Amino acid sequence: MLGKNADFRERQKRAPLYEQLERHVKRRPHPFHVPGHKMGHSFDSEGRHRFQTILELDLTEINGTDDLHQPQGVIAEAQELAAEAFRAEETRFLIGGSTVGNLALIMTVCRPGDKILVQRNCHKSVYHGIIMAKATPIFLVPAVDLATGVAAGVRREDVERALHAHPDAKAVFLTNPTYYGMGIDLEKMAATVHRYDIPLLIDEAHGPHFGFHPAFPLSAMQSGADAAVQSTHKMASAMTMSSMLHVRGERIDRDRLYRHLAMIQSSSPSYVLMASLDLARRHLVTEASEEWDRLLPQLDKLRERTGRLAWLEWPEVNASSVYATLDPLKLFLHVRTEQIDGVALQHVMEKHGIYAELADSSHVLLAASAGTTSRDLDSLTRLLETLDLEVEPGEERVLEAGVVSSHYLREQVVSMDEAVDAPSEMVPLENSLGRIVAEMVIPYPPGIPVLVPGERMDAQGLAMLLELRLGQTRFHGVQDDRLQTIRVIRK
């Protein structure tokens, strides 16, 4: 657990950026600067009662509030406190989600043509970064958890094999934990990557709470990674879009990194969002642990009670697991009956006011946090226990690892950056077999591409997309979000 030192905890009680905004509001200033609502004096009359107190803090770069792109005052101090809390050497606030952090990291370590080892089941922003950098991805196929059929992390031996085959790679970019909360042994992975003297970059979007409680895995910074991007809004208490980028060591050119951040982040960053990062850091250090102490036994009780249901299974780490850690805050329901699938179960939940993070044919994922209440968990437990579902002999939903992982094995015919700019045409999805895809096909959530530009559509990939389309999956990255048609490179 972080922060047992008394001096550390005393420093961490401060929230310098938030405190400065509050001081400014108390002066009752005359705002002859942007934004145009003038601290809430002009705003929609119906929405004002909801937004008024937030609008007072919605300021800009005036004397005393500092500048995100050239921090020397309260923002610099807030970022220094965050670096201390998260065990980084330097931390930067991100107003644009983890996306801008991933983009900036890739464009920092890669120049056109450079190789980068990338976990294939990574977020779409990683692919966008590769396209923007005109880099060459060397894909690392993740191990598949046979119990649930979902892709977990990559194996250390696969990374070492790829590094041996591509000694000119500039970095290794991995996702840890996955959307489902599954993680690898990052300390051992960092030691492996560093033997080749290149940086290990981690998309830690779903792990901002790691390292802040004994029940959670160590964070990427604690495990020796060179950089980590966290969505502080996902599993911690910052506002949506608010993220952080943490850096350690000498393997990353920080000046180049910060130049890229300045290019892709807004020149008018939200002070409300930045203040929420300041407060989320303070909350993690000073308050969240007690909230987790209350929550975690309740999550154990939920798993115990619903674990008796024959049609439902909870993943757990054991000797045969392809993952080393599992986030206890991720409630990952594996449906084991043909009487209902995950998407239908999600709809049942929503009718009872329970809104899950995502669902697919075999799973429902719910994300708990320090903000999850006893009422939330009681409602979920009662609903699951009242569903009259059975598993008949031979009826259990079977998941084949080969099928699940097949979409990671497409043939890359053209580089991604060339494919997105190549002359293209729209064809019916059913007629796309053998064609080279010119757009990114991303079921959302979780936002992990199943096809990327430049890959050839094969029979397995086509069958998978047809099945996803039948299940009314939402798609990002494509022009036709119903996937009746798909963009391919013109012959």
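The radius of gyration is taken over C-alpha atoms, and the globule rule is 2.2 Å times the number of residues to the power 0.38. For the 491 residues here, a compact globule would have a radius near 23 Å, and the protein chain has 23 Å, which agrees.

Good morning. The structure is a predicted model, in which local features need pLDDT of at least 70 and side-chain atom pairs count only at pLDDT 80 or more, while totals for chains, interfaces and linings use all residues. Residues are numbered from 1 along each chain as its sequence is written, and side-chain values use heavy atoms, with hydrogens and water left out.

I begin with the whole chain.

Next, helix α11. How far apart are its end C-alpha atoms? They are 26 Å apart; the 19 residues, 288–306, should span 27 Å, which agrees. That expected span is 1.5 Å times one less than the number of residues. Among the buried residues of α11 are W292, L295, L296 and L299.

Finally, R120. This residue lies in the loop between β2 and α6. Is R120 buried or exposed? R120 is buried, with a relative accessible area of 0%. A polar atom of the R120 side chain lies 3.0 Å from the backbone oxygen of P449.

Technical notes:
Helices (H or I, at least four residues) and strands (E, at least two) are DSSP runs, numbered from the N terminus. Buried means under 20% relative accessible area, exposed over 50%, partly exposed in between (1.4 Å probe, protein chains only). A polar contact is a pair of N or O atoms within 3.5 Å; within protein, one must be able to donate a hydrogen and the other to accept it, and residues adjacent in sequence count only if both atoms are side-chain atoms.
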